[in-house]
Amino acid sequence: MDTEPDHTAVRVALWRALHLEADAPPHVFEDDFALRLADPGEGWRRRPDMDPDGTRPFRAGVVSRARFVEDLVAEQAGRSVGQYVLLGAGLDTFVQRRPDLAARLRVFEIDQPGTQAWKRRRLLELGHPVPDSLRLVPVDFESGQSWWDRLVAAGFDPAEPAVVASTGVSMYLAKETTRATLRQLARLAAGSTVAMTFLLPPELLDEADRPGLKTVRTGAKASGTPFVSLYPPREMLEMARETGFTDIRHVPGTALSERYFAGRPDGLRPSSGEDFLVAAT
């Protein structure tokens, strides 16, 4: 079995780390563990996809969506929601960075077996064995394994409410796959919340951001993980309704920009084009 981490997962973790190095305070999201976990080697800052100037809007988008999700998790934990599921967890570091909040939750990270095995080994090397409150749930999506069955087998309680986050994933999946995922999530216990990002078609982006999206799409295709699905907000919201959700809202990326980046003298802001679907049961 391949036990290397997914390239996209590594890139996202390094962008979180680069935010602390390349961007001035106040930092939108402080992930001082991402670099240690990713272990990219000394030359990582010279990678073209780590250029401090060229990647500004993309890493701003990554940290803003991470901040939004963790704000949501903290809010729901304050309402006694005790389960947190990350679909496509990658190299997430929530449990290691936020032990105060994680101690109030059972956390389930779902991802490909190779990324999960590598992450487990890397955490042990760093002196952070996986606690019982964290369940790494490997799922081989390509072989047709059911992520839901694996999640329940790992200890998830379908009768209790949960927060489920899926960020930076839907663009890699066929629309019918995302539809099936939403259909399953709509059956979560009452009081659950789902936060899922989706990418907009180019014509809905700010004109200045369209070349950046084209570059990212080209790079994704070249690395073997092409973008498959883009969604106008109306289509994503309608899909959520059709699959069983009734409490639905659209959170544009521009709203996160206003929430987390307003008044910055350095002009840092996320690129337009990635929005959130937030749905509750």
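Does Phe227 count as buried or exposed, and at what relative accessibility? Select Phe227 to begin: at 15% relative accessibility this residue counts as buried, where buried means under 20% relative accessible area, exposed over 50%, and partly exposed in between, with a 1.4 Å probe and protein chains only.

Before going on, keep in mind that this is a predicted model, in which local features need pLDDT of at least 70 and side-chain atom pairs count only at pLDDT 80 or more, while totals for chains, interfaces and linings use all residues. Residues are numbered from 1 along each chain as its sequence is written, and side-chain values use heavy atoms, with hydrogens and water left out.

**Aromatic pairs**

Rings of Phe, Tyr and Trp (its six-membered ring) pair if their centres lie within 6.5 Å, and their planes count as stacked under 30 degrees apart, edge-to-face over 60 and tilted for the rest. A search of the whole structure finds eight aromatic pairs. Next, select Phe108 and Phe156, an edge-to-face pair with 5.7 Å centre to centre and 80° between the planes. Phe108 belongs to strand 2 (residues 106-111) and Phe156 to the loop between helix 7 (147-153) and strand 4 (163-166), so the pair ties together parts 48 residues apart in sequence; here helices (H or I, at least four residues) and strands (E, at least two) are DSSP runs, numbered from the N terminus. Both Phe108 and Phe156 are buried. Return to Tyr172 and Phe227, whose ring centres are 5.5 Å apart with planes at 70°, so this pair is edge-to-face too.

**Two packed helices**

Select helix 3 (residues 56-77) and helix 11 (residues 253-261), which pack at an angle of about 80° with their axes 10 Å apart; axes are lines fitted to C-alpha atoms, for helices over the stretch in contact, and angles run from 0 to 180 degrees between N-to-C directions. Helix 3 and helix 11 are therefore roughly perpendicular to each other, a term for angles of 65 to 115 degrees, whereas under 35 counts as roughly parallel, over 145 as roughly antiparallel and the rest as oblique.

**A last stop**

Finally, select Thr115 in helix 6 (residues 113-125), which counts as buried at 4% relative accessibility. Its C-alpha atom is separated by 5.9 Å from that of Glu4, 111 residues apart along the chain.
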